[in-house]
Amino acid sequence: MKNNKKPISFVVSLIIVLGIFVGTGTVGIGPSAAIDSYASTTTPAIRMSDVHIVTIGGAVTKHWGYDAINFVLKKYWMNGTSDKTFSPDVNLTRAMVAQTLANMANYFPNGYKDSIYTDVKVEDWCSPAISWATQYKIMGGEDGKFLPNNLMAREDVINALYQYAKTKNHANYNMSMTLDQFTDATNVGSEVKTAMLWATSNKIISGKTSADGGQMLDPKGNITRSELASILYAYDNAF
C-alpha cells in the first residue's frame with residue numbers, strides 16, 4: 001500500500017506554486033480564475049452563462065462547443081473571461097494563444113521574468129507565456145515585437161499547435177495526405193502547409209462547409225475561443 005502522507009513542506013510548496021499559477025491575471029485565456037471554482041464540479045462549463053444558456057423560463061441551450069469548452073476548462077488549458085462567462089465567440093489574439101499553449105505545457109510563469117520584445121512589458125499578464133513560447137520556438141516575433149494583441153489567423157494557430165506538438169513527440173502524420181479535398185487549399189501559406197497536413201491527417205481540424213457545399217480550411221480567417229477549444233479537444237483525442 002502506498003503511503004499517501006505528504007510532508008508539510010511539500011504541501012506548503014504546492015500551495016505557493018498554485019498561488020502563483022492562478023494569480024497571473026490573464027485575460028480570457030490563462031490561469032486567472034480560482035482553482036476551486038472549477039475543481040468543485042466535473043462540468044465547469046455549466047457555470048458559463050454564455051455556454052450553458054438558461055432562459056427566463058428555465059429552458060437550457062448549450063453552445064455548439066460546450067463539450068470542448070468543458071474539457072479545456074477542466075484541464076485548466078483555458079479559463080473563463082470571468083467567473084461566469086467564457087466569451088466563446090471572441091476572436092483570439094497572439095497573447096491568448098501563447099498563454100493557452102503554455103498552460104498546456106504546465107509551465108511555471110515565475111520562471112520567466114524578462115521580455116525580449118519592446119511591446120511586451122515584464123509586468124504584462126501574458127509576458128511569461130510569451131517568453132516560454134519564444135524559448136521553445138512555438139511562436140516568435142519580428143523586428144523586436146511580438147504583437148500580442150494582434151488577431152491570429154487559423155493557419156497560424158494550427159502552426160503554433162504543431163510546434164507545440166513537436167515538443168511532445170506528437171508531430172507524426174500521414175505523409176500521403178494532401179489538402180486537395182479543400183476548395184481553398186491554395187490559400188494555405190507554404191510555411192504552414194506541413195502543419196495543416198498534420199492537423200487534417202490527425203482529424204484535429206476538418207474544415208468548414210462553404211456556400212457551395214464544399215469543404216474549406218479558411219486558413220486566413222480569424223479563430224474564436226470556442227473554435228480553439230474544439231481544436232484542443234480533438235488534439236487530445238488524437239494523441
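Which residues are in contact with phenylalanine 146, leaving aside its neighbours within four places in sequence? I shall answer that after a word on the model.

The model is predicted: local features need pLDDT of at least 70, side-chain atom pairs count only at pLDDT 80 or more, and totals for chains, interfaces and linings use all residues. Residues are numbered from 1 along each chain as its sequence is written, and side-chain values use heavy atoms, with hydrogens and water left out.

To the opening question, then. With those sequence neighbours set aside, phenylalanine 146 is in contact with Arg94, Ala95, Ala98, Tyr117, Asp119, Val120, Ile130, Met139, Gly140 and Gly141; contact means heavy atoms within 4.5 Å. Phenylalanine 146 lies in the loop between H5 and H6. Helices here are DSSP runs of H or I with at least four residues, strands are runs of E with at least two, and both are numbered from the N terminus. Phenylalanine 146 counts as buried because its relative accessibility is 1%. The term buried means under 20% relative accessible area, exposed means over 50%, and partly exposed is in between, with a 1.4 Å probe and protein chains only. Threonine 134 stands 12 residues from phenylalanine 146 along the chain, and their C-alpha atoms are separated by 9.5 Å.

Let me turn to the overall fold. The protein has 8 helices and 4 strands, arranged along the sequence as α-α-β-β-α-α-α-α-α-β-β-α. Of its 239 residues, 45% are buried. Among contacts between residues at least 6 apart in sequence, 70% join residues at least 24 apart. The protein exposes about 12700 Å², of which carbon and sulfur atoms supply 53%; these areas come from the Shrake-Rupley method with a 1.4 Å probe, and for residues only the protein chains shown count as cover.

Next, the core. A nonpolar core is a set of buried Ala, Val, Leu, Ile, Met, Phe, Trp, Tyr and Cys residues joined through side-chain atoms within 4.5 Å. The largest one has 60 residues, and Leu101, Trp132, Met139 and Leu161 touch the most other members. At least two residues of this core come from each of H3 (66-75), H4 (94-104), H5 (127-135), H6 (154-167), H7 (193-201) and H8 (225-238). Methionine 139, apart from neighbours within four places in sequence, is in contact with Arg94, Val97, Ala98, Ala133, Thr134, Phe146, Met152 and Ala160.

Helix H5 is mostly covered, with 7 of its 9 residues buried. Those residues are Ser127, Pro128, Ala129, Ile130, Ser131, Trp132 and Ala133, and they pack against H4 and H6. Just after H5, lysine 137 takes a positive phi of about 60°.

How is H6 placed relative to H7? Their axes come within 9 Å and cross at roughly 80°; axes are lines fitted to C-alpha atoms, for helices over the stretch in contact, and angles run from 0 to 180 degrees between N-to-C directions. H6 and H7 are therefore roughly perpendicular, a label for angles of 65 to 115 degrees, whereas under 35 is roughly parallel, over 145 roughly antiparallel and the rest oblique. From H6, Glu155, Ile158, Asn159, Leu161, Tyr162 and Ala165 meet Thr194, Ala195, Met196, Trp198 and Ala199 of H7.

Finally, H7 is mostly covered, with 7 of its 9 residues buried, and its buried residues pack against H6 and H8. Just after H7, lysine 203 takes a positive phi of about 60°.
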